[in-house]
Amino acid sequence: MPSEPMPLLVTEAQAATWTGRAGATIRTWAHEGRITRHGSGRGRVRYNLWELPQRTVDDDGTVTLGPPPPLPAQRHAA
């Protein structure tokens with residue numbers, strides 16, 4: 001069984017640069033449960049880079065955003 005890679009924790013600004021999206025989008029994804037937020041408090045929150053879609057830039061400068069992380073499976077009431 002393959003193991004998951006060690007988390008590579010990055011700041012919100014680094015996550016925003018990696019994905020090509022605004023920091024508010026990164027925070028929204030964490031709030032929705034799409035990605036994991038590590039830590040708490042202003043300036044101390046980190047995100048796992050391996051959970052984030054990477055943006056790509058073509059030779060002509062065209063930026064392509066990766067698909068957003070999926071929403072978590074909905075839990076059913078017991």
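Biologist: Why are α1 and α2 called roughly perpendicular to each other?

Modeller: The axes of α1 and α2 cross at roughly 100°, and angles of 65 to 115 degrees count as roughly perpendicular (under 35 roughly parallel, over 145 roughly antiparallel, the rest oblique). The two helices are therefore given that name. Axes here are lines fitted to C-alpha atoms, for helices over the stretch in contact, with angles from 0 to 180 degrees between N-to-C directions. The axes of α1 and α2 come within 8 Å. On the α1 side the contact is made by Glu12, Ala15, Ala16 and Thr19, and on the α2 side by Gly23, Ile26, Arg27 and Trp29, where contact means heavy atoms within 4.5 Å.

The model is predicted, with local features requiring pLDDT of at least 70 and side-chain atom pairs pLDDT 80 or more, whereas totals for chains, interfaces and linings use all residues. Residues are numbered from 1 along each chain as its sequence is written, and side-chain values use heavy atoms, without hydrogens and water.

Biologist: What makes glutamate 12 and arginine 27 a salt bridge?

Modeller: The N to O distance between their side chains is 2.6 Å, and the rule asks for a side-chain nitrogen of Lys or Arg within 4 Å of a carboxyl oxygen of Asp or Glu. The pair therefore qualifies as a salt bridge. Glutamate 12 belongs to helix α1 (residues 12–19) and arginine 27 to helix α2 (residues 23–32), 15 residues apart, so the pair links distant parts of the chain. Helices (H or I, at least four residues) and strands (E, at least two) are DSSP runs numbered from the N terminus.

Biologist: Why is glutamate 12 described as partly exposed?

Modeller: Its relative accessible area is 26%, and the class lies between buried (under 20%) and exposed (over 50%), with a 1.4 Å probe and protein chains only. Glutamate 12 is therefore partly exposed. Arginine 27, at 42%, falls in this class as well.

Biologist: How many salt bridges does the rule give?

Modeller: The count comes to two. Arginine 34 and glutamate 32 form one of them, with their closest N and O atoms 2.5 Å apart. Arginine 34 is partly exposed at 22%, and glutamate 32 is partly exposed at 34%.

Biologist: How do you know that β1 and β3 pair?

Modeller: Two bridges join β1 to β3 (residues 46–48), and pairing needs at least two bridges found by DSSP. The strands therefore pair, and they run antiparallel. Valine 10 stands opposite tyrosine 47 in β3. Three strands form an open sheet in the order β1-β3-β2, with antiparallel pairing. Because β1 (9–10) and β2 (37–38) each have a single partner strand, they stand at the edges, and one side of each is left without a neighbour in the sheet.

Biologist: What makes asparagine 48 buried?

Modeller: Its relative accessibility is 10%, which is below the limit for that class, so asparagine 48 counts as buried. Asparagine 48 lies in strand β3. Beyond four places in sequence, its contacts are Pro7, Leu8, Leu9, Thr36 and His38.

Biologist: How do you know that the side chain of asparagine 48 makes a polar contact with the backbone nitrogen of leucine 8?

Modeller: A polar atom of that side chain lies 3.3 Å from the backbone nitrogen of leucine 8. A polar contact is a pair of N or O atoms within 3.5 Å; within protein, one must be able to donate a hydrogen and the other to accept it, and residues adjacent in sequence count only through side-chain atoms on both sides. The distance therefore meets the cut-off. The side chain of asparagine 48 also reaches the backbone nitrogen of tryptophan 50, at 3.1 Å.
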